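Here is a friendly walk through one structure, written for someone meeting it for the first time. Have a look at the chains below, then read on.

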Amino acid sequence: MKDSWPLYLDRTSPNDPVFVGIGEIPSGKYPERTFIGDLTKVALLAIADAAMIPSDIDTILLIPNLHSFDDQADLVFSRMVEELGLSRQAKASFMVHSGGSTSDNAVRTASGLIAAGHARNVLVLQCERWGSADVMAMINMLTKNGIPQQWEQVAGLQFNAIGALITRRYMHESKSTPEEMASICVTLRKWANLNPNAMYKDKPLTIEKILSSKMVADPIHAMECPMLADGAVAFVMTSAANAKERGIKQAVRIAGSGGCVSHYSIGQEAEVGQLGWSIAARRAYHQSGWTPETADFGEIYDSYAAVTAIAIEGLGIAKKGEGARWFAEGNGDPGGKFPINTNGGLLSAGHTGVGGGTALIVEGVRQLLWKAEKERQVSNCQRCVIGGTGGSYMDAQVLMLERVEYGS
Amino acid sequence: MNIVNDFREGLARGELLIQKCHDCNGVNMYPRYACPHCQSENLGWQKSSGVGVVHSFTVLRAGPPEGFETDIPYALAVVKLEEGVQLLARLHPDSQGDWLEYNCEDKVTFAPAPAEEIAKKPCAWFTKA
């Protein structure tokens, strides 16, 4: 298999794609908020953060919501162009979708459009209303999405069971203890306690509390499962030349990316305890020229603790089999040697569906622009590893982001 | 050929069928519309020995999907068959009526559920060997 990728990503190119603005509103249960209202709010926040006005935007990429297909149709059919006053101004408005890894693929899509000259200023928009949706309807939806109806739905598979199959195999291979697995959730909660936008910003969490919560799908306890949340984020990307021309002083570029789609059905994943992370990481390190020591922190998909432990091992941040113990030693904590999921992640900031990964990217960009609150800011950070995955953890997606500063 | 019906008819007879390619002799699980090894559509079936190992498993104790409310608790496993293919399956309870005696890498054998259960939920079942 040919496994080397073009090294086109040139930081000196005027077409080099960069992030220049972000917008976010709090995640949690907000029944009084509305889908289109939230999308409009984060769009305007991100556009203002990029020192732009709405008419600067020529392309909108939509991250899908999962709470309602009717609302998703509004996105597909360009409602946000009209809501933002961009009728005739907008060149294109369309949805990108690969479940939880959508945001990584949306960044790649936006980058390609910008680098090839098909787009100038791209707005990426996401809103989910999971926290206010009917829970049973969402459970049923999650039981039917990403699970083959002919072969696995008939056995009674659902989302927590998929996370549990991964966790069990990971614990078997790594000999990690329940306490070490729970420590990952505690690390994430420490970060959430510093994030005013996190669902669990006010609630501390302990290993004892997690292990005394009821067993949902062995070996996963109730407090190791993500909570469905309402939330919305947005970001703006443009070219380096446009950013400089607009007087922007700092931005975030993509040093490289890698990915690996390893399966569709969890029953067909050959290594349930490893997934596609090491292959995706190898491709991303090759394209970026980075090593596991290059980045200062990571924002890595965490719908279940084992998913993140496996990812940091595949990325070489922790040694093989040591991911959970690496967290238990406090390495990913605030003040730790390699902060992980500084917004609290999906497990503690709230699982906003496809938006969970988008929020992690927005947090990575926020940190690299040095715009996080003082106690949460990773001091003087320059580089971030983004990790995403979707469906039944069908893929592993890696983006290498780095801060760039433009001289006056 | 209807690969879903053929597979399910096998389960109803108490057989676990593996798709076999008549051109490259490759085996496929789950069954495919063209052989993923050689793209041939000249496909048939072989009966599995039913011997495999548990790659991973879980016991779902809460939050069952619609239609599985009275099934919980129940165990799901990724089973690797000795023929070199794998599938998601249900596990029969152990001697204690739970699944605490199961471990990853345990040897298991195909042991179909009663016919009326297979008629409602056509999936493979395994038990500790």
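B:Arg61 counts as partly exposed, because its relative accessibility is 26%. In this predicted model, B:Arg61 sits in the loop between S4 and S5 of chain B. Its side chain meets that of B:Asp98 in a salt bridge, with 3.1 Å from N to O. B:Asp98, for its part, is in the loop between S6 and S7 of chain B, so the pair ties together parts that are 37 residues apart in sequence.

Is B:Asp98 buried or exposed? B:Asp98 is buried, as its relative accessible area is 19%, and the cut-off for buried is under 20%. Setting aside residues up to four places away in sequence, B:Asp98 touches B:Arg61 and B:Pro93. Strand S7, at one end of the B:Asp98 loop, covers residues 107–110 of chain B.

B:Arg61 also has a partner in the other chain. A:Asp218 forms a salt bridge with B:Arg61, and the closest N and O atoms are 2.7 Å apart. Across the interface of chain B and chain A, the rule finds two salt bridges.

**Where the chains meet**

That brings us to the interface itself. On the chain B side 36 residues are in contact with 34 residues of chain A. About 2,900 Å² of area is buried between chain B and chain A, and carbon and sulfur atoms give 59% of it. Which three residues supply more of the area that chain B buries against chain A than any other three? They are B:Tyr30, B:His55 and B:Leu88, which supply 19% of that area.

The elements of chain B that give two or more residues to the side touching chain A are helix H1 (3–12) and strands S4 (51–60), S5 (74–81) and S6 (86–91). Of these, S4(B) gives the most, with seven residues. Sorted by class, the side of chain B that touches chain A has 23 nonpolar, five polar and eight charged residues.

**Salt bridges elsewhere**

Over all chains, the structure holds 28 salt bridges. Side chains of opposite charge can pair when their charged atoms come close. Here are some of these pairs side by side.

| Salt bridge | Closest N and O atoms |
|---|---|
| A:Asp218 and B:Arg61 | 2.7 Å |
| A:Arg79 and A:Glu83 | 2.7 Å |
| A:Glu180 and A:Arg325 | 3.2 Å |

Take A:Arg79 and A:Glu83. Both lie in helix H3 (residues 79–83) of chain A, four residues apart, about one turn of the helix. An α-helix has 3.6 residues a turn, so residues three or four places apart point the same way. A:Arg79 counts as partly exposed at 35% relative accessibility, and A:Glu83 counts as partly exposed at 36%.

The pair of A:Glu180 and A:Arg325 is another salt bridge in chain A. A:Glu180 lies in helix H7 (residues 178–192) and A:Arg325 in helix H12 (residues 323–328), so this pair ties together parts that are 145 residues apart in sequence. A:Glu180 counts as buried, because its relative accessibility is 15%.

Chain A also has a network of salt bridges, which links A:Arg11, A:Asp16, A:Arg253, A:Arg383 and A:Glu402.

**A helix in chain A**

Now for helix H4 of chain A, residues 102–115. H4(A) has 14 residues and reaches 20 Å from its first C-alpha to its last, close to the 20 Å expected at 1.5 Å a residue. Its buried residues include A:Thr102, A:Asp104, A:Val107, A:Ala110 and A:Ile114. After H4(A) comes A:Gly117, whose phi is positive, near 85°.

**A buried glutamine in chain B**

Finally, B:Gln19 is found in strand S1 (residues 17–21) of chain B. B:Gln19 is buried, because its relative accessible area is 0%. What lies 2.8 Å from a polar atom of the side chain of B:Gln19? That is the backbone nitrogen of B:Arg32. Leaving aside neighbours within four places in sequence, B:Gln19 is in contact with several residues, among them B:Met1, B:Ile3, B:Val27, B:Pro31, B:Arg32, B:Leu43 and B:Trp45.

Key
Residues numbered from 1 in each chain as written. Chains lettered and ligands numbered in written order. Predicted model: local features only at pLDDT ≥ 70, side-chain atom pairs only at ≥ 80, totals over all residues. Heavy atoms only, no water. Contact = heavy atoms within 4.5 Å. Buried area = accessible area lost by both parts, 1.4 Å probe. Salt bridge = Lys/Arg side-chain N within 4 Å of Asp/Glu carboxyl O. Nonpolar A, V, L, I, M, F, W, Y, C, P; charged D, E, K, R; others polar. Expected span 1.5 Å × (residues − 1). Buried < 20%, exposed > 50% of the residue type's maximum accessible area, 1.4 Å probe, protein only. Polar contact = N/O pair within 3.5 Å; in protein donor to acceptor, adjacent residues only side chain to side chain.
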